[in-house]
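Please look at the sequence and structure first.

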Amino acid sequence: MSQIHVLPDHLINQIAAGEVIERPANALKEIIENSLDAGASHIDIQLEAGGIKRLSVTDDGQGIDKTDIPLALHRHATSKISSLEDLEKVVSMGFRGEGLASIASVSRLTLTSRTDTDNHATQIYAEDGKLSDVKPAAHSTGTTVDVVELFFNTPARRQFLKSPATEFAHCRTMVERLALAHPEVAFSLQHNNKNILSLPAQSLQERCSAIMGADFTAASLSVDEKLNEMRLHGLIGKPTFTHGKTSQQYIFVNQRFVRDKIILHAVKQAYNDVLHQALTPAFILFLTLPPTEVDANVHPTKTEVRFRQGQAVHQLVFHTLNKCLASTNASHTTSVSQPETALKDIMQKQPAEVQQVFGSNKINTAIHSPAPYQRSHTPVQRNLSLKESQSALNTYAELYKSEPVLENNTISIPQSAEVDNELANLEQVRGINSTYQSVQVNETIIPPLGYAIAQLLDIYILAQAEDALILVDMHASAERVNYEKMKQQRDATGKVNSQTLLIPIRFNASHEEIALANEYAATLQDYGLDISVENHQQLVVHTVPAMLVKSDIKLLVQEVLDDLMKIGSSEVIRERENRILSTLACHGSVRAGRKLTLPEMNALLRDMENTERANQCNHGRPTWVKLRLQDLDALFLRGQ
């Protein structure tokens, strides 16, 4: 057996580099974070071959004192913490003193820096972890870190790198994350001497638009909420913004980009009721909280954190987003805000011969270009006054008032025979009567969805608003209205109605599940679950929520306990009940093919304006689309 011995510093640095520096993007992150900690207002980044051949970062920060230059490349040498107390409340991006030392051990690194009190800059060179003597150099106030031939002395590690194009993509993603977290700092990025990014100091909205795209910012909702010493703010994509990808999901905790399961779980739950399950939401969220409430020292790359009060963080994120998404109706936000994109996508999905007949290119040109025939004209811009708009709508308002109304001014929508009898007879949904009350017309205020003018193919409602044509999916809209009514009726009791099982359900459980069942016994009863422990190895379920009596009880209990273990609370019961209510609302709502009168259509429009989340149905599909007058002019080439 070999004897225990101390590894040499050079090998220790290379081992550390393998944990911290996986690829050029990680090295770039460590250097840029040092620049941000130094108070830089402008950061210039230059890459060659995706950062494999060379990466250079220059900033205008406070610089490094010439006496500290040699220490800057030593392991665990840092100016940011000096005690365990400092580590527990660290606010800087870097703090462990590993970044530069790790990079220097696997590359040829040149560090040049100058403070505003020095007469000249100081430079040091490191190759394979070996440091040269410091020497004077020319440099303005700030620091430049130049890294050449990353992993030149560790060929095994270099073989795991991808192509330069792929590595550059990772580097650009890293720069964009840091730029989003610090919009007050200007960033410039060059790759192979080509300008890729040039971001001036700007507002968060402008930085989001520059990085995530103008389509995201146009279809996003602003959130800003405080809970005690925590604050959550940022932008979230509307449920009808279907371009969301996981690459457009950004979470920052105290300006540090992280991947956190608690926050992602809360976001998923908030969108669960309004977004199609096959889609992912796009968002950028900033969580700010006291540094003593979060531990950033749990992962070598600092992309994971641990919260002291994870349940409070989950509640803040969930309730903030849920409150914001609840206001997605016609009275607060628009639905699909880019009908021209939808038209373009529809045409592209048609067979080639259909595109040729209808001229998909002309449609695309008419929408996105003001000059399809090389003319300089733009579509006619009409700004109708309120008086003119009211004059155009008075006819439909009069028809609305004079049209015969159904008995009791309601539309009775019977429950479908396709719904399970057991579900239809539950107390929570009994008595739901999907009716649209006739409302009084106000001739001085035009409602957001206007007044109905016709029904198209017994599927869509056409309505005229002040400056647009509104297209409404009749079934999807009624489905959302009925669904929200059902949820309100269920929530009016303030508790979950439970049902005692005639024969209790027993199943073997793990030690963790048994411990959780004991710890959260009172919480489980609030969820309608009465669970006891038998023989220290089995869980016995005595009562379950009445609406879920037909469910897989074992799986239900396991999911609830799993949530309680991870975040201290659970929405499993509520989500499963919502699925049942959603099914009932779908089957019980007005179907395509049913003819509605103008009062019925207008009553549905008014209900939509007063219903939460009415911009999308229970499955996440948009319920209405607005075609502005200029959109219609563009389609018909008016003013071209």
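A residue is called buried under 20% relative accessible area, exposed over 50%, and partly exposed in between, using a 1.4 Å probe and protein chains only. This is a predicted model, in which local features need pLDDT of at least 70, side-chain atom pairs count only at pLDDT 80 or more, and totals for chains, interfaces and linings use all residues. Residues are numbered from 1 along each chain as its sequence is written, and side-chain values use heavy atoms, with hydrogens and water left out.

**Salt bridges**
- The whole structure has 25 salt bridges, each a side-chain nitrogen of Lys or Arg within 4 Å of a carboxyl oxygen of Asp or Glu.
- Asp-491 and Arg-574 form one at 3.4 Å, N to O.
- This pair links distant parts of the chain, 83 residues apart, with Asp-491 in helix α16 and Arg-574 in helix α20; helices are DSSP runs (H or I, at least four residues), strands likewise (E, at least two), numbered from the N terminus.
- Asp-491 is partly exposed at 36%, and Arg-574 is partly exposed at 33%.
- Asp-458 and Lys-595 pair at 3.1 Å, N to O.
- Asp-458 is buried at 17%, whereas Lys-595 is exposed at 63%.

**Around Asp-273**
- Asp-273 lies in the loop between α9 (261-271) and β14 (283-288) and is buried at 13%.
- A network of salt bridges links Asp-273, Arg-480, Glu-484, Lys-487, Glu-612 and Arg-613.

**Cysteines**
- The search finds 0 disulfides, meaning pairs of cysteine sulfur atoms within 2.5 Å.
- Cys-208 is buried at 0%, and Cys-617 is buried at 0%.
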